[in-house]
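Biologist: I should like to go through this structure with you, piece by piece. Could you take my questions as they come?

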Amino acid sequence: MNLVGENLSYKLTEELQLRKISFNFEKGKLYTILGRTLSGKTTLLKTIAGLLMPDSGSIRFEDKNFLEIPVWKRNIAMVYQQFINYPHLNVFENIAFPLKQRGLDPQKINDEVFKSLKLVGLEGYEKRKIQELSGGQQQRVAVARAIVLEPKVLLFDEPLSNLDSKLRRQVREDIRFLQKSLSVTTIYVTHDQEEALAISDNIIVMKNAVIA
């Protein structure tokens, strides 16, 4: 059940983004990839998600070659730095969107959305417009939309960068509580050492496209 990468390399033009990266992520733990801008951490995250194809190396999960599995079949969810919510949809509709895309029964969609709302602390907000929410609440909507699919791997790419310091502390505690509750393998990217120390089971430091 571990997510295992071996000797992953990726080169963009003349610049190496990943240089023989290997890892073994255990099921149910939260791993933080810590590093400065351009250290390769987001590139590694996108490679795991299937948004980038490495030039060499392998990724295996549940005894399957992950690199041969299309993005939409990997059962991975990703939360980005920006609040990627649909402004024309309310909170409920934003969270329900991926379930509707899968053609689920309306009652099942309703049940799953309200379960996710409860997990992220947004009960009673289902009819709110996105524009009526604070930055922290908008990021919680994005997290709820990710977990509503019940992913086996959850990825966070600098999810708190656009929040003020007080909100960052609160939302990172929420993310940690959520991750433990779901017992989902989670990979969290940040450049903030304090954030990494506060949230992680294990920390991986990246520098110049390698694990330092």
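This is a predicted model: local features need pLDDT of at least 70, side-chain atom pairs count only at pLDDT 80 or more; totals for chains, interfaces and linings use all residues.

Biologist: How many bridges join β6 to β7, and do they run parallel or antiparallel?

Modeller: Four bridges join strand β6, residues 76–79, to strand β7, residues 153–157, and the two run parallel.

Biologist: Turning to the helices, which residues of α3 are buried?

Modeller: The buried residues in α3 are I109, E112, V113, S116 and L117. Seen down the axis of α3, they fall within an arc of 140°, so they line one face of the helix.

Biologist: What do they pack against?

Modeller: The buried residues of α3 pack against α2 (91–101) and α4 (135–147).

Biologist: What span should α3 have, and how far apart are its end C-alpha atoms?

Modeller: Helix α3 covers residues 106–119, and at 1.5 Å a residue its 14 residues should span 20 Å. Its end C-alpha atoms are 20 Å apart, which agrees.

Biologist: And what is found at the start of α3, and what follows the helix?

Modeller: At the start, a side-chain oxygen of D105 reaches to within 2.9 Å of the backbone nitrogen of Q107. After the helix comes G121, with a positive phi near 75°.

Biologist: Which residues touch the most other members of the largest nonpolar core?

Modeller: I95 and V113 do, in a core of 32 residues. The elements giving two or more residues to this core are β6, α2, α3, α4, β7 and α5 (165–182). The largest share, six residues, comes from α4.

Biologist: What does I95 touch?

Modeller: Leaving out residues up to four places away in sequence, I95 touches V113, S116, L117, V141, A144, R145 and V148. There is also a second, separate core of 26 residues, which includes F23, A49, I59 and L155.

Biologist: Changing topic, which strands does β4 pair with?

Modeller: β4, residues 56–61, is joined to β1, residues 3–12, by five bridges, and these strands run antiparallel. Two bridges join β4 to β5, residues 64–65, also antiparallel.

Biologist: What lies between β4 and β5?

Modeller: The two strands form a hairpin with two residues between them. E62, in the turn, has a positive phi of about 55°.

Conventions
Residues are numbered from 1 along each chain as its sequence is written. Side-chain values use heavy atoms; hydrogens and water are left out. Two strands pair if DSSP finds at least two bridges between them. The expected span of a helix is 1.5 Å times one less than its number of residues. Buried means under 20% relative accessible area, exposed over 50%, partly exposed in between (1.4 Å probe, protein chains only). The arc is that of the directions from the helix axis to the C-beta atoms. Contact means heavy atoms within 4.5 Å. A polar contact is a pair of N or O atoms within 3.5 Å; within protein, one must be able to donate a hydrogen and the other to accept it, and residues adjacent in sequence count only if both atoms are side-chain atoms. A nonpolar core is a set of buried Ala, Val, Leu, Ile, Met, Phe, Trp, Tyr and Cys residues joined through side-chain atoms within 4.5 Å.
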